[in-house]
Amino acid sequence: MTGHDDLPAAARARQLEERLIAAGLTSDDEIDAFLTGLYTRAAPVNGARMAARAWSDPRYRDLLLSDGNAAAAEQGFDDLSYQLRVVANTENVHNVIVCTLCSCYPVSLLGPSPGWYKSFAYRSRTVREPRAVLGEFGVTLPDTVQISVWDSTSEARYMVLPLRPAGTGGLAAEELAALVTRNGLIGTALV
Amino acid sequence: MSYDAGARVRVRTGDPDKHTRVPRYVRGQTGEVVAILGRWPLPDDSARGITPPRIETCYAIRFSAADLWGSGDHTVTVDLWESYLDGP
């Protein structure tokens, strides 16, 4: 198996780190501490809990959609390094997130991004033919549902609030959160 | 110049030599302001080492697929700094 460390990109990233360290801008310890802090907390369950709470708490839903950072703070994420924008799916609109310039995405709430999210195919095709891309993820939407694509080109990071599935009225908060997938929060799954 | 939600704006054309955050596919296109985001350093200035960089409002601008590609019934919303935009 080929490890991450063998990739050409890893060597380039390390060269960049070494230049930054040589310039006195950071250190190996600082980089390690940052990555450890990020990846021990960053997971899709964070975004899933926010979505599930919005399904059952109208006040929280309003906050999530109007001030994502304030809503994240209520869930313990008061240190996001970006402006969080949450876009809600409705019966008539399905949202999907992409970053055509690189691979921006709310890592702290969704966990490390999937490989396909960074692929040229996903980044170039999602803005051009999202219905076909979603079909390849197994998401077939009626023609009456408009697709709204969000290209993450700024300091804002986007997350989708999926529609609450039918028949989930009796579920507790953690059971609801367990229904929400990372793809659902990107828009490449219905939930 | 600043814009209100609902305003029609046109993305500037041009192909800078260095870093910019204007995707090529919206250059010269007209869209609608759907949200006013934060005020952030202009990435073009930051990437060129210009200090201090211009701090500008960033807008979420919605384009129709039919305008961008000649076909398609979806929309694409792109975040663009004020310097990237002209009036209608």
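Modeller: Two strands pair if DSSP finds at least two bridges between them; a strand is a DSSP run of E of at least two residues, a helix one of H or I of at least four, both numbered from the N terminus. This is a predicted model: local features need pLDDT of at least 70, side-chain atom pairs count only at pLDDT 80 or more, and totals for chains, interfaces and linings use all residues. Residues are numbered from 1 along each chain as its sequence is written, while chains are lettered from A and ligands numbered from 1 in the order in which they are written.

Biologist: How do you know that β2(A) and β3(A) pair?

Modeller: Six bridges link β2(A) to β3 (residues 146–151) of chain A, in the parallel sense. The definition asks for at least two bridges, so β2(A) and β3(A) count as paired. Within this pair, V96(A) stands opposite V149(A).

Biologist: What is the order of the strands in the open sheet, and which stand at its edges?

Modeller: The seven strands run β2(A)-β3(A)-β4(B)-β3(B)-β2(B)-β1(B)-β5(B), with mixed pairing. At the edges are β2 (93–98) of chain A and β5 (85–86) of chain B; each has a single partner strand, so one side of each has no neighbour in the sheet.

Biologist: Which strands does helix α7 of chain A lie across?

Modeller: Helix α7 (residues 120–128) lies across β2 and β3 of chain A together with β4 (75–81) of chain B. Its angle to β2(A) is about 150 degrees, taken between N-to-C directions on a scale from 0 to 180, with axes fitted to C-alpha atoms, for helices over the stretch in contact.

Biologist: How do you know that chains A and B are in contact?

Modeller: Contact requires C-beta atoms, placed from the backbone, within 7 Å. By that rule, 16 residues of chain B touch 17 residues of chain A. On the chain B side, β4(B) gives the most, with five residues.

Biologist: Why is α1(A) said to lie largely in the open?

Modeller: A residue is buried if 20 or more other C-beta atoms lie within 10 Å of its own, exposed if 12 or fewer, and partly exposed in between. Of the 15 residues of α1(A), zero are buried, so the helix lies largely in the open.

Biologist: What span should α1(A) have?

Modeller: The expected span is 1.5 Å times one less than the number of residues. For α1 (residues 8–22) that is 21 Å, which agrees with end C-alpha atoms 21 Å apart. After α1(A) comes G24(A), with a positive phi near 80 degrees.

Terms used
Two residues are in contact if their C-beta atoms, placed from the backbone, lie within 7 Å.
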